Amino acid sequence: MDLKDIRKRIDFLDSKILRILNDRMELALMAKKLKTNVEDSDREKALLDRIRQNSPGLINSEFIEKVYTEIIKESKNLQMGDFSLIGFKGEHGAYDEIASREWDKDLISIPCAGYSQVFEGVRTGLHDYGIVAVENTLGGIVGEVNELLVNTDLYVVGAVELPISLCLLVLSGADHREIRTIYSSSQALAQCTNFLSRNNLEAVQYYDSAGAAKMLAEEMPQGAAVIASKLAAEIYDLHVIKEDMDNFGNNVTRFLVLSKEENKEEGDKCSIVFSTEHRAGTLFNALEVFARKNINLTRIGSIRSSMGDYTFFLDFIGSNRDENVIAALRDVEAVTVNFRFMGCYKERKVG
Amino acid sequence: MKNLRLTALNGGPPRRTVIRVGEVTIGEGFTVIAGPCSVESEAQTLETARAVKEAGAHMLRGGAFKPRSSPYSFQGLGIKGLQILEKAKKETCLPVVTEVLDPRDVSWVCEYVDVLQIGTRNMQNYSLLKEVGKTDKPVLLKRGMYSTLEEWLNCAEYILAEGNPNVILCERGIRSFDTYTRNTLDLSVVPAVKEVSHLPIFVDPSHGTGKLTLIEPMSLAARAAGADGIMVEVHCNPAEALCDGDQSLSPAMFASMMVKLTHLDICMKEIEGM
């Protein structure tokens, strides 16, 4: 290792320390959602004792105590602030996080391991909001999310349509000629099959595209690249060498924002779920209400609960404050079973 | 010329190869490819691309991988250069031609540009020719600086034999004893190619002469000789070019040349119809 290599390693560790500190601050904000007091001197004392005892090698206890006193101070500062949290699936840099920023850039986005954790986070109050992908122009509906939506009592309070630009990311200084393996989410890999086969590259599935970017930055596997967002490239200090890699273009994902509370502001779109009895014409009867009231449906989705039994999702244009919509909802509820109004909200189209 | 199974006219009725690149049709009408020798920066490439588009160029050229006589000269920006070319294409809608040097880069270069160029030094690099022959991108094949017409056509044959029918030949000057010009531009090869092959033929007067003052007269002469197009180097600021600065036209010189070429093209169409 020469001086340049050593400095590169130091830069790498510094960016990792920053990311880990950010993770710690996020946890502090989440902890605040579950406790009323910011001050907890017993917990602070226990934490400092443990760190003093466990400080390795070159880290002397006086130094680490100073560092941690500052970290705790900043955590408490943040806990006293008025932050709202939004959970998303994946690691920082995921497209879901980009969508959450587009919906409200002042929210603190918190990574979750999966969609059910996003729902759970909102339900338990750990997060104020959650954002989930419901459908994609190339991949179709996201089955797991739609199933969770049928069974939740959370409200839809917003929606975002986000164009997805899939980018090829490499470690800085990597030689493109050595790339053999591409890591990403199964959805992103499926959308780039033409690129992968033209260049004879091996696709390896990863739980999340941004998670693959994080892995590339931290483990630096030989001959590897990832497909992820530009935001992931910024966060993990990777280089974008190709943009818009998908097979067909026009790659757009629609996300819904969930909350425990119903949206109180005026919206322009509504979502409902319902089932129908197993008799001829019952679904027609529900849809007929919208046709007669001249209400435009924007999405009809169906999820099978058991063989032959379906739950339907309907999105339509209109506000639940319009007389026409109020009457339609009343009529639909009368001809369906398990009817639930999921919310009225504003839909944001990006780009 | 007996082994030229795919590139020769073979005595039949003259069917000329016509190559569509986006909105441009090569082999029908006169096509002008212009741009910097190398992609040096995003600003320089975009500025030059806008200028050549404004003056009426049909396609953009620019080198990302540069074959330089000295290993210590600027070697090009590589993938970064390809990304800049892609951006210039997005903005100007001009299709892009760039040189590929290494068989390992062929599939990557295809991801960013519209036409692959094989440079004079690589004309007989058969493994590279086979590799570009396997792609679906048109190939602009420069004439080797010491090569006969037959050797050149045999190299085009390599590309066609791999299944890629879209080859554009490009005369760029050959070595002679004269040192006044960088090379000797062999314009007589233009009608000669038309006699023996159906492939479109371009002329590169920038490398062919290496002299700023000779580029315009040789471009006009190329059109008069029946070439399907020219490829010229234009730099938004030739004095600061990292490569071939003294043979790069300024945008103003290029624009004035384009006016004359347009006039000549009208006259020549009349003459060719006689």
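Chain A has 12 helices and 15 strands, where helices (H or I, at least four residues) and strands (E, at least two) are DSSP runs numbered from the N terminus. This is a predicted model, in which local features need pLDDT of at least 70 and side-chain atom pairs count only at pLDDT 80 or more, while totals for chains, interfaces and linings use all residues. Residues are numbered from 1 along each chain as its sequence is written, and chains are lettered from A and ligands numbered from 1 in the order in which they are written.

Of the 351 residues of chain A, 33% count as buried; a residue is buried if 20 or more other C-beta atoms, placed from the backbone, lie within 10 Å of its own. Among contacts in chain A between residues at least 6 apart in sequence, 71% join residues at least 24 apart, a contact being two residues whose C-beta atoms, placed from the backbone, lie within 7 Å.

In chain B, attention turns to helix α1 (residues 42-55). The buried residues of α1(B) are Gln44(B), Thr45(B), Thr48(B), Ala49(B), Ala51(B), Val52(B) and Ala55(B). Seen down the helix axis, they fall within an arc of 165 degrees, so they line one face of α1(B); the arc is that of the directions from the axis to the C-beta atoms. Their cover includes β3 (31-35), β4 (59-61), α2 (79-92) and α9 (251-272) of chain B. After α1(B) comes Gly56(B), with a positive phi near 110 degrees.

Between the chains, 7 residues of chain B are in contact with 6 residues of chain A. On the chain B side, α2 and α3 (106-112) each supply at least two residues, and α3(B) gives the most, with 3 residues.

Definitions and conventions
A residue is buried if 20 or more other C-beta atoms lie within 10 Å of its own, exposed if 12 or fewer, and partly exposed in between; C-beta atoms are placed from the backbone.
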